[in-house]
Amino acid sequence: MMRPFYRMPGNRHVLTVLAVCAIFALGVSTAFTAPLNGTYTIGSGGNYTTIKAAVDALNANGVSGNVLFKLLDATYNETTYIDITKPTSGSYTVTFKPTKTNTVVKVPG
């Protein structure tokens, strides 16, 4: 009869390694994302494909310094809200700036 691998002598670390791999495979590692700080791009080929994706990261992770989002695409038509839930130390700015002169962002209301 075959014994389960986790009861085999000398294989105590196998279960630990498998557990760690499973945690990262399930995406739990995203919970340890650092606060935003620096310049990011939004649009085709950018750090974030949509303004909403960038704002979701901003809301979830907070900031640890000034943040500049450069808008790469010509037009954006999205609805999202900035509501940073993680506390930050200091007073920082978050800026959205077009990289093209014809970038249009529609703001509802």
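Aspartate 56 is partly exposed, with a relative accessible area of 35%; partly exposed lies between buried, under 20% relative accessible area, and exposed, over 50% (1.4 Å probe, protein chains only). The model is predicted, so local features need pLDDT of at least 70 and side-chain atom pairs count only at pLDDT 80 or more, while totals for chains, interfaces and linings use all residues. Residues are numbered from 1 along each chain as its sequence is written, and side-chain values use heavy atoms, with hydrogens and water left out.

Aspartate 56 pairs with lysine 52 in a salt bridge, the closest N and O atoms being 3.0 Å apart. A salt bridge is defined as a side-chain nitrogen of Lys or Arg within 4 Å of a carboxyl oxygen of Asp or Glu. Lysine 52 is also partly exposed, at a relative accessible area of 38%. An α-helix has 3.6 residues a turn, so residues three or four places apart point the same way. A search of the whole structure returns 1 salt bridge.

The protein contains 2 helices and 5 strands, where helices (H or I, at least four residues) and strands (E, at least two) are DSSP runs numbered from the N terminus. Along the sequence these elements follow the pattern α-β-α-β-β-β-β. Of the 109 residues, 18% are buried. The accessible surface, from the Shrake-Rupley method with a 1.4 Å probe and, for residues, only the protein chains shown as cover, comes to about 7900 Å², and 60% of this belongs to carbon and sulfur atoms. Among contacts (heavy atoms within 4.5 Å) with a separation of 6 or more, 79% join residues 24 or more positions apart.

The largest nonpolar core has 14 residues, of which Leu36, Tyr40, Ile42, Tyr48, Ile51, Val67 and Phe69 touch the most other members. Strand E1 (36-42), H2 and strand E2 (63-71) each give two or more residues to this core, and H2 gives the most, with 5 residues. Such a core is a set of buried Ala, Val, Leu, Ile, Met, Phe, Trp, Tyr and Cys residues joined through side-chain atoms within 4.5 Å. Leaving aside neighbours within four places in sequence, the contacts of tyrosine 48 include Leu36, Tyr40, Ile42, Ala57 and Phe69.

The buried residues of H2 are Ile51, Ala54, Val55, Ala57, Leu58, Asn59 and Asn61. Asparagine 59, in H2 (residues 51-61), has a relative accessible area of 12%. A polar atom of its side chain lies 2.9 Å from the backbone oxygen of tyrosine 81, and the side chain of asparagine 59 reaches the backbone nitrogen of aspartate 83 at 2.6 Å. Not counting residues up to four places away in sequence, asparagine 59 touches Tyr81, Ile82, Asp83, Ile84, Thr85 and Lys86.

Just after H2, glycine 62 takes a positive phi of about 75°. Threonine 88 lies 6.6 Å from glycine 62, C-alpha to C-alpha, although the two are 26 residues apart in sequence. Threonine 88 is placed in the loop between strand E3 (75-76) and strand E4 (94-98) and is partly exposed, with a relative accessible area of 36%. Beyond its neighbours within four places in sequence, threonine 88 is in contact with Gly62 and Val63.

Note on methods. Polar contact = N/O pair within 3.5 Å; in protein donor to acceptor, adjacent residues only side chain to side chain.
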